[in-house]
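I opened my notebook today to look around a structure that was new to me.

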Amino acid sequence: MGATVLVLLVCALAVPPLLLARTGGGGDPGAEAAGAPAGGEGGGDGLAAAHAPEALRGGPWAGAPGPAALRLAGDAMLAHAERLERLEQSRIAAARTWRLSRPPLRPPAPPKERPTLVTEPGHISGEGLPPVITRIPTEDRVVFLTIDDGAEKDPKLLEMMRELDIPYSSFLSDHVARNDYDYFRRMHADGNGIHNHSINHREMPKLSRAEQKREICRQQDVLEKEIGERPTMFRPPYGAYDRTTLEVAAECGVELVPLWAEEAFADRMEWGRGDRKFHPGDIILTHFRGPNEWKGTMPDMIRLVLETATEQGFALARLEDYI
């Protein structure tokens, strides 16, 4: 109950400054009754008191919270702390259930200001084209898990990610996802982003402009119908694209083309850098696969990613919170 103790301490420390602020920084609490102006220069406290909730107007001077209000506030904070404690205990239990050596790290709160995204060096850029990136520019020790195509629909993946409270984003190709969009609707209902990976998973630069437009724009329409949101991100199959791909994607409402810095499998990580380490903001690629294609299952792959990230001091964060 460490969180509970902390909350109670915060409450105890917060009350005196609150009362002090309500009296104009420690001045005479009877000044207003003696004729001091309620508004204008030096009169902000009277304005605050006038707009305070009714429960906070019963103290010994205007604006001071009464005992009942303080008790209500304390009870609410205590209940919130206890709820967080229960959630964390549930997460610790889930880590044991899914055979993790330790619970995954929690990501920080999403940034209040989203980072500016620009095309990374070595990729095609131009006015009106969506940025092409392999990482989010951030100093937060977070990485982002993205899963492509939609071929394997393992219910254990949904269960594991829900119990561990791990966010991820999916990039779907209609030709393998279409036989069970309900699976991906459940995924989306858990708070995970669903984005575009084309209709038939074809290599974009080998297609005509019209063919590329059908592949990208039709999948935008399909996902809007099936999931209820029009995607803002498109990942070209195989990571292959040309200027036409970006032009067509922009015409269809795509705002970002995220590639990847690392790729995860059930039995190994493939690293994009020689140091074989995550860097803040890295985007991780993996696929919806099972034992028929991999040496393991989707939960095996997730376990490897989480163990590697935790060992290196990284948390998995929600990509959509940073764009």
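Which residue in E8 is the bridge partner of Glu-262? I looked it up and found Ile-284. A reminder to myself: this is a predicted model.

**Entry on strand E8.** I stayed with E8, which covers residues 283-287. I checked its burial and found that 5 of its 5 residues are buried. Next I asked which way they point: Ile-283, Leu-285 and His-287 go one way, while Ile-284 and Thr-286 go the other way.

**Entry on its partners.** I then looked at the strands beside E8. Strand E6 (residues 262-264) runs parallel to E8, and 2 bridges join them. E2 also pairs with E8 in the parallel sense, over 5 bridges. Within that pairing I noted Asp-148, whose bridge partner in E8 is His-287.

**Entry on the cores.** In soluble globular proteins, nonpolar side chains tend to be buried together. With that in mind, I looked up the largest nonpolar core and found 40 residues in it. Leu-164, Phe-184 and Phe-288 touch the most other members. I listed the elements that give two or more residues to this core, among them helix H3 (67-97), strand E2 (142-149), helix H4 (155-164) and helix H9 (298-311). H9 gives the most, with 6 residues.

Setting aside neighbours within four places in sequence, I found Leu-164 in contact with Arg-91, Ala-94, Ala-95, Trp-98, Leu-100, Pro-104 and Leu-306. Last, I noted a second, separate core of 15 residues, including Leu-207, Ile-216, Cys-217 and Cys-252.

Note on methods. Residues numbered from 1 in each chain as written. Predicted model: local features only at pLDDT ≥ 70, side-chain atom pairs only at ≥ 80, totals over all residues. Heavy atoms only, no water. Core = buried A, V, L, I, M, F, W, Y, C linked by side-chain atoms within 4.5 Å. Buried < 20%, exposed > 50% of the residue type's maximum accessible area, 1.4 Å probe, protein only. Helix = DSSP H or I, 4+ residues; strand = E, 2+ residues; numbered from the N terminus. Contact = heavy atoms within 4.5 Å. Pairing = 2+ DSSP bridges.
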